[in-house]
Amino acid sequence: MLNVFSEKDFEILIATKDRSNFDFLLPMFPFEHFSNFNILIINQSLNKVLSSDFDSVRVINSTEKGLSKSRNTAIQNASKKICLISDDDVVFAENFRKDILLAFQNQEQADIITFNHQRIGAVQPQKKWDSAFRHTSKTIWNVSSIEIAFKVEEIKKKNIAFDTNFGLGSFFETAEEFLFLKAVLNQKGNVYFSPEIIVSHPEFSSGKNEGSDTLIYSRAALFYKLHGSFAYIWLAKYIFFLIRKKYIRFSEAGEKYKSGLAGIAKFREITQHKL
């Protein structure tokens, strides 16, 4: 029997911090008022409290730090059948809710569907894919958190959560969405792509500064998590890749390699990971 989802089955999970009013929501919904949508906001703050007078907008104020912790709190408290992960600086496309619900209706077996997004001011969408397909462990590398929608019941049933060691505000500030999707695939979950552009996002991305110490540190830790001691060989190859692509200078190679080693060491420390 075909699943038919209605607007009341849909909820947006927004991660934010240090908010005391809803002004930030207004530019996110340029086509109608945000109260016409079911929204769960996780507001991480030590001293600012956000409260809602709208039945459709729920708020959880948290003193925890880190994007992955915020995402996990949202998942645990989600109340609708289909949820969309979101940040607090996106702009939703006018028909995004309809597009998401229709995609889940058409792809009945999907646990997760990822969509496309556009950088604000850009002509082309971020993804060049123009038709639906089933994700693999290779294609999920290219997914952004703000493109991920999922069936809440399936994610909770599989005990899927974001790895709190990864993501902004944590030890390693990258790849949290990849690890989330990989956990679903590891449990034989069904993850699909649908080409609709559901959201726009500012041009800057923390994941784009390829030669930064922070990214090298985080990616080395990620590779160690995935492949163990092969990470040391990978790191050397990665540094030369960055030189070849002119993201870093040859004279920086030694220090950049040390940044990667530090990331691996930190991952082993916090997980008590032994060779």
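Residues are numbered from 1 along each chain as its sequence is written, and side-chain values use heavy atoms, with hydrogens and water left out. Because the model is predicted, local features need pLDDT of at least 70 and side-chain atom pairs count only at pLDDT 80 or more, while totals for chains, interfaces and linings use all residues.

Aromatic pairs were searched for across the whole structure, and 27 were found. Rings of Phe, Tyr and Trp (its six-membered ring) pair if their centres lie within 6.5 Å; planes under 30 degrees apart are stacked, over 60 edge-to-face, and the rest tilted. W129 and F193 form an edge-to-face pair, with 5.1 Å centre to centre and 75° between the planes. W129 lies in the loop between strand 6 (112-119) and strand 7 (133-134), and F193 in strand 9 (residues 191-201), so the pair ties together parts that are 64 residues apart in sequence. Helices (H or I, at least four residues) and strands (E, at least two) are DSSP runs, numbered from the N terminus. W129 is partly exposed at 26% relative accessibility, whereas F193 is buried at 1%. Buried means under 20% relative accessible area, exposed over 50%, and partly exposed in between (1.4 Å probe, protein chains only).

F172 and Y217 form a tilted pair, with 5.6 Å centre to centre and 40° between the planes. F172 lies in the loop between helix 3 (152-157) and helix 4 (176-186), and Y217 in helix 5 (residues 213-227), so this pair ties together parts 45 residues apart in sequence. F172 is buried, at 0%. Y217 is partly exposed, at 22%. Both belong to one aromatic cluster, whose members include F166, Y224 and F267.

Strand 9 also holds I198. I198 is buried, at 1% relative accessibility. Its C-alpha atom is 7.5 Å from that of N95, a residue 103 places away along the chain. Beyond its neighbours within four places in sequence, I198 is in contact with residues including L84, F92, F115 and I146. Contact means heavy atoms within 4.5 Å.

Helix 5 packs against another helix. The axes of helix 5 and helix 6 (residues 230-244) come within 9 Å and cross at roughly 145°. Axes are lines fitted to C-alpha atoms, for helices over the stretch in contact, and angles run from 0 to 180 degrees between N-to-C directions. Among the residues in contact are I216 and F223 of helix 5 and W234 and L235 of helix 6.

The whole structure has 13 salt bridges. A salt bridge is a side-chain nitrogen of Lys or Arg within 4 Å of a carboxyl oxygen of Asp or Glu. R58 and E11 meet in one, at 2.8 Å from N to O. R58 lies in strand 3 (residues 57-62) and E11 in strand 1 (residues 10-17), so the pair ties together parts 47 residues apart in sequence. R58 is partly exposed, at 30%, and E11 is buried, at 2%. R71 and D87 meet at 2.7 Å, N to O, and both are buried. E255 and K258 form another salt bridge, with the closest N and O atoms 3.6 Å apart. Both lie in helix 7 (residues 253-271), about one turn of the helix apart. E255 is exposed, at 51%, as is K258, at 52%.
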